Amino acid sequence: MSFIPQKISAYSAAELADFMLEGKVRLADINQLKNLSLFSAEELMTFISSGACVFADMQRCGLHFRKQQELRERLALWDIEKGFWSRAVAGNTPESYKEYLEAFPAGVMAAKARENMALAEEDALWSRASDRDNITLYRHYLASYPSGRYHFDAEGRLAELEEEKERLQTEILDDMRRSPWKYNRSLMGKLVYGGDARDTDQRDIASLPPGDVAARFVKMGLTISYDTLVGAGIIPSSISERELMTPEFQLPQVNNFDSFPQDRTDIYFLGVARSGKSSVLSGLFNAMTTRGTWRYRPNIGDNGQDGSMAYYNGLVRAMTAKKPPVPTAFDTINYINIDVPRAGGTRHTAELNFVEISGECFKTLSDSLGNGAEVWRRLGASRVLANNNRKVLFFLLDYNVILGNQDGITLYDQQEALQNALTIFAYDGTGRDHTVGCTLSKVSSVGVILTKADLMGTDDRGERQRIAREYLQNNFASFMSQLSDACRKFRINKADGYRPYVLTFSLGSFYVGNTVLFDPSDSMDLAATIERLAPLTKTSIF
């Protein structure tokens with residue numbers, strides 16, 4: 001823009017200040033065209049605050065003494081205001097200009113602040129969209145600034161991403177078929193309803209590799225509909241959208257070891273974190289409750305409450321909700337009393353006590369004679385194991401680990417925890433060699449359960465047994481050898497040649513969103529095994 005003297009009145013003080021800074025006009029020239037005394041104190045401040053001139057220059061131009069007084073008063077305020085303005089310019093963000101305007105809504109630089117704030121807001125939105133390369137954000141930018149400074153770039157990149165969307169959708173559907181366990185409920189919520197991969201609470205996105213298709217899909221702002229998931233066979237129509245988006249099933253858990261039941265048979269499920277202990281119990285109790293043969297026995301403590309009933313009911317309901325239960329709390333030992341009547345109308349029952357020790361707690365067992373002893377005792381585990389109840393031990397191993405799908409858990413973690421625990425069970429007694437009254441001396445049966453057997457790729461039970469035994473031989477030979485030696489030494493599994501039982505277990509078919517269509521077959525087989533192993537009592541039940 002060029003300075004035209006005849007249009008002096010049409011220019012704003014800010015524009016005139018810019019002309020002065022560009023050397024197109026002098027203050028004296030402006031004073032000749034329009035007496036400086038006719039400018040307001042705020043307009044005169046614009047000349048000074050921009051650096052185009054100083055107060056003394058206006059005095060030399062004959063500024064009226066009353067206008068000089070107004071300007072001096074305004075300059076006194078400017079000494080405070082310019083500190084705020086300097087911080088606003090240094091920050092150059094919508095927030096920094098907003099802070100200035102809140103302090104000086106009619107300040108010297110208020111108009112400039114509003115102009116800069118609008119530019120900063122556009123820059124921030126564009127930066128967010130381009131940094132995240134996100135379709136939704138590009139659309140939001142174009143809707144907010146249809147003629148913005150970056151609209152050509154936004155339109156071009158948006159067109160490229162729309163083309164990439166089709167390829168990515170095919171890729172993510174294929175990935176869901178291969179690795180449904182990776183797509184938990186939280187991640188599915190972002191994929192179906194939209195999400196932001198950079199938000200601080202998106203831990204499931206942050207845990208994925210940078211080039212992962214799911215991370216890319218969410219980062220781009222793409223969504224995939226429930227109908228598309230069903231149509232592509234990712235989930236069956238028998239799993240509703242509400243069920244897909246239901247959070248993982250939380251279980252109420254109470255560490256109520258003070259009222260641990262005596263004179264029953266303890267059925268222990270032992271394994272590292274996420275080895276499937278809660279899932280096995282959930283399938284077992286749901287199947288047997290549906291069949292109506294197993295009966296929950298209340299265990300009321302000194303406080304008049306049953307600390308196990310809510311946990312038991314939660315396990316049963318989890319399969320109905322089509323969601324596996326969340327892992328056991330870190331510092332919890334859960335137990336559930338079950339009475340199992342024998343078939344044929346006899347009054348004989350098996351009085352069982354199912355015990356689940358959290359994986360993290362179980363791992364400390366390997367150090368329970370060392371530094372971990374106090375932790376183990378505080379949790380009540382040593383007191384539970386030391387009772388004189390007959391015991392059946394099931395060691396759980398997660399088949400998923402060998403496929404590399406269990407983050408943070410390795411084959412060695414499983415072997416170390418189980419092998420060390422087995423050693424402790426053999427030497428946690430009394431006497432010269434600490435074997436008198438040890439845990440294994442009270443064990444009548446031992447089994448190994450390979451969980452998540454649905455990943456073996458076959459429903460044939462004989463083939464699963466073959467795969468399981470081969471898996472154990474190739475990856476847990478030392479533990480299995482030690483377990484077999486313990487069976488012979490303590491005369492465990494006598495009827496089966498002192499060999500540990502090997503079972504495979506699956507809840508059914510798993511899908512994205514941590515959903516499962518429960519198949520009770522393995523649960524029923526495990527129940528039959530437990531009924532065969534558990535000793536009888538002659539107590540009638542209600």
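In strand β7, Tyr501 is the bridge partner of Gly447, and Val502 is the bridge partner of Val448. Both pairs belong to the parallel run of β6 (residues 443-451) alongside β7, which is held by four bridges; two strands are taken to pair if DSSP finds at least two bridges between them. Helices (H or I, at least four residues) and strands (E, at least two) are DSSP runs, numbered from the N terminus. All of this comes from a predicted model, in which local features need pLDDT of at least 70 and side-chain atom pairs count only at pLDDT 80 or more, while totals for chains, interfaces and linings use all residues. Residues are numbered from 1 along each chain as its sequence is written, and side-chain values use heavy atoms, with hydrogens and water left out.

On to the other neighbour of β6. Strand β5 is joined to β6 by eight bridges, and the two run parallel; here Leu396 stands opposite Ile449. Eight of the nine β6 residues are buried, so the strand is largely enclosed by the rest of the structure. Buried means under 20% relative accessible area, exposed over 50%, and partly exposed in between (1.4 Å probe, protein chains only).

These strands sit in an open, seven-stranded sheet with mixed pairing, ordered β2-β3-β4-β1-β5-β6-β7. Its edges are β2 (295-296) and β7 (501-504), each of which pairs on one side only.

Helices cover parts of this sheet. Helix α20 (residues 411-426) lies across β1 (265-270) and β5 (390-398), and runs at about 165 degrees to β5. Helix α23 also packs on the sheet, touching β1, β3 (333-341), β4 (349-357), β5, β6 and β7, with its direction at about 155 degrees to that of β7. For these values, axes are lines fitted to C-alpha atoms, for helices over the stretch in contact, and angles run from 0 to 180 degrees between N-to-C directions. Contact means heavy atoms within 4.5 Å.

Helix α23 (residues 521-533) has a helix partner too: its axis and that of α15 (residues 277-291) come within 9 Å and cross at roughly 85 degrees. The two helices are therefore roughly perpendicular (angles under 35 degrees count as roughly parallel, over 145 as roughly antiparallel, 65 to 115 as roughly perpendicular and the rest as oblique). From α15 the contact takes in Val280, Gly283, Leu284, Ala287, Met288 and Arg291, and from α23 it takes in Ser523, Met524, Leu526, Ala527, Ile530 and Glu531. That set divides into eight nonpolar, two polar and two charged residues. In this scheme Ala, Val, Leu, Ile, Met, Phe, Trp, Tyr, Cys and Pro count as nonpolar, Asp, Glu, Lys and Arg as charged, and the others, Gly among them, as polar.

Helix α15 also meets α16 (residues 309-320), with the axes coming within 8 Å and crossing at roughly 85 degrees. That makes α15 roughly perpendicular to α16. The α15 side of the contact consists of Ser278, Leu281, Ser282, Gly283, Phe285, Asn286 and Thr289, facing Tyr311, Tyr312, Leu315, Val316, Ala318, Met319 and Thr320 of α16. Eight of these residues are nonpolar and six polar, with no charged ones.

A few local spots deserve a look. Lys322, in the loop between α16 and β3, has a positive phi near 65 degrees. Most residues other than glycine have a negative phi. At 16% relative accessibility, Lys322 counts as buried. Ser484, part of helix α22 (residues 477-489), counts as buried at 18% relative accessibility. Leaving aside neighbours within four places in sequence, Ser484 is in contact with Tyr498 and Pro500.

Among contacts between residues at least 6 apart in sequence, 68% join residues at least 24 apart.
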